[in-house]
Amino acid sequence: MDVKNLLKELTEISGVSGYEYNISEALSRYFRKYCDTVEIDKFGNVIGLKKGVEPEKKIIVTAHYDEIGLLVKSIDENGFIRFTNIGGIDPKILLAAEVIIYGKTEISGVIGAKPPHLLDADEVKKTVKLQNLYIDTGMDLKKVKEYISIGDYISFKPVSLELKSDYFATKALDNRCSFAAMIVALEELKRLKHDYDIYFVATVQEEVHLTGAITASYNINPHIAIVVDVCHGDMPDVPKERSSTCGKGPAIAVGPVLNKQHTNKLVEIAKKENINYQIDVEPGGTGTEAWATQVSRCGIPTVLLNIPLKYMHTPVETLNVTDVVNTGKLIARFASSVSEECKGKEDCSCK
Amino acid sequence: MQIIKDLVELNGVSGSEEQVANYIKQKISDYTDEVYTDALGNLIAFKKGKSSNVNIMLSAHMDEVGFIVTGYTDTGLIKFRNVGGVDERILPGKTVLVGDNKIPGVISAKAIHLQERDEFSSNWKMKNLFIDIGSEKKDEAEKLAPLGEYICFNSSYQELGTECVKAKALDDRVGCAILVEALKGTYEFNLYACFTVQEELGLRGAEVAAFRVKPDIGIVFEGTTCSDVPETEKHQHSTRLGKGAVLTVIDRTAYSDRILVNYIYNLAKAKNIPVQFKETATGGNDAGKIQRTGKGVKVAVISVPCRYIHSPVSLMSKKDYESSKNLALLILENLSSNLDNMDKILKGVEVNV
């Protein structure tokens, strides 16, 4: 499987939080190659079911498929577009960024601000505010109004850069890389036996309220949840303990939100199967859907696999492709073996 | 627009203009009497006049702003400095191409989640940024991108809307393209088309090119700032996108020759070529050096307005490029067929067109 190419395909389409319908159909096509049934629920979650042999026993694997982006707020008399953010975006990275506005058709634009030579001494020291930025589409007001409306969403332009040593950089790798890991897992599961039904769920609106994970885990009511997301990759000026290392495999999260028994099992399997892994200590909220799945209904034992990602929430999110592959492998091995563990245990979920 | 696309997609940071020079050389070889490259790398094309010994120098710079490799981190990341003026605030999250092998890289941008409060409210400094080419080791990075390797913005030519172009290096590949077009004509006077180097470092190439050519008249073709955008006052709008070729009266480096500029302006008006004046005195270009060469040279500057200049996403109007190109050809044709007009300009006498 060409995972780099899969990542490229998955990130070149856009699904900003709340506007995932743009790509839900495309994602369901990937699931259809492997799953027994595929549906898009009424929130937009894309759910692929791979049936096991045990009836009524379920594992859910979630990876959110929304991405951060921008939203058209107003259009001025010269056709320049003002915007607001969807999800956490540092306005500083928006200067001179390239974007695509999803109006009646896809419209390219660049983000401008007050030119540097016109800034006074005070302004130079300050950072740019979101409300002082604008998008220039190169079109006049009439043309802009013909194609673009207030409320249209905006994504970064994909850069799809293949770097050295299996690194790949573009927008929206948070969290399409985890969707890619699910596809790797599905490919692996062709050759693995699994007792439980495995629901692969690409969820919506993680970047805003974890909405997709809340609704999907309630509706599916699984015995175990495997959440797949990204964590911060190493950078020189970030304390080592706040980040994981790209290329060293999935970061298995440990901490109060994550189920100890299943997490230990994950580590054990990684060791046994010779899959690279590292430990990511999450003392609190994890910043992922594990926060939501853990407290769904009567509570779901949850584990979290994180793919290390550098420069998160920018147009140049960067990861090592081998980490995606190893994450997929670990999901598959865990999902196929954990069913044995759970068999007969009534406390796994609400009945 | 093909020539603009070809030119902006070549990399030529000041000090590494060879690719651009080679491309231009091959484009103009059929139209020139002599082409040579001087000690600094300026490409000078000469076209002998049919009757007049007046030397007209057209000048456009081949170089663009960019970066240079200055060091590495132990984890294989590249440290860099700018070559020419770049607003360092725009750097985080941009993509670049390193060296002649165009190795792709990204400029680091610390995730919003990891920034301390004071970091979030301060602008990034170049010294704290680095370029990530995916290398994990210092020696590997060093081998792939040796010290002193040039680094370019990675930005493709793209047409925006109905009449705009987005690209890097519009400043000054637009000027280069106009000079190539100008060389296709035949003229009564001697024409020197000088494709200069290192303008962005301080007009280095033009200084020696003008000394060699000894022009009587120098006309510089440029991409210039265009600040007709939100968050600015109207009086700060240096030029206006879509309103035509720009004539400079004065900037930080040169005074244009009043009679020459009036002549160009009136000629444009007479032939309905959209033309505007640059309404701020900021910036500067090769005209500054050409003007003060030898016994002094009468200069004028014709520019294409470029929003977001010196960034990977400069924006120009195709109409303004056409206006500037047509104006260039019109001037040369008019001077060639009315040598007395040229005579008047050289003597400082107002020309009626």
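How many helices and strands does chain A have, and which residues of helix H2 of chain A are buried?

Modeller: This is a predicted model. Chain A has 10 helices and 17 strands. With 351 residues, a compact globule would have a radius of gyration near 20 Å, and the 21 Å of chain A agrees with that. Along the principal axes, the C-alpha atoms of chain A fill a box of roughly 70 × 40 × 35 Å. Of the 351 residues in chain A, 56% are buried. Among the contacts in chain A with a separation of 6 or more, 77% are between residues 24 or more positions apart.

Now to the helix. H2 of chain A covers residues 21-32, which is 12 residues. The buried residues in H2(A) are A:Ile23, A:Leu27, A:Tyr30 and A:Phe31. Seen down the helix axis, the buried residues of H2(A) fall within an arc of 100°, so they line one face of the helix. The general rule behind this is that an α-helix has 3.6 residues a turn, so residues three or four places apart point the same way. On the other side of H2(A), A:Tyr21, A:Glu25, A:Arg29 and A:Arg32 are exposed.

What does the buried face pack against? The partners of the buried residues of H2(A) are strand S1 (37-40), strand S2 (46-50), helix H5 (173-189) and strand S12 (197-203), which belong to chain A.

A:Leu210 is not a glycine, yet it has a positive phi of about 60°. A:Leu210 sits in the loop between helix H6 (206-209) and helix H7 (211-220) of chain A. With 21 other C-beta atoms within 10 Å, A:Leu210 is buried. A:Asn274 also has a positive phi, near 60°, and is found in the loop between helix H8 (260-272) and strand S15 (278-281) of chain A. A:Asn274 has 8 C-beta neighbours inside 10 Å, so it counts as exposed.

Last, the wider setting. Chain A is divided into domain 1 (3-67 + 171-348) and domain 2 (69-156). The centres of these two domains, taken over C-alpha atoms, are separated by 33 Å. Between them, 13 residues of domain 1 are in contact with 12 residues of domain 2. The side of domain 1 that touches domain 2 has four nonpolar, six polar and three charged residues.

Technical notes:
Residues numbered from 1 in each chain as written. Chains lettered and ligands numbered in written order. Predicted model: local features only at pLDDT ≥ 70, side-chain atom pairs only at ≥ 80, totals over all residues. Helix = DSSP H or I, 4+ residues; strand = E, 2+ residues; numbered from the N terminus. Rg over C-alpha atoms; globule rule 2.2 N^0.38 Å. Buried ≥ 20, exposed ≤ 12 C-beta atoms within 10 Å, placed from the backbone. Contact = placed C-beta atoms within 7 Å. Expected span 1.5 Å × (residues − 1). Arc of directions from axis to C-beta. Domains from an automatic or database assignment. Nonpolar A, V, L, I, M, F, W, Y, C, P; charged D, E, K, R; others polar.
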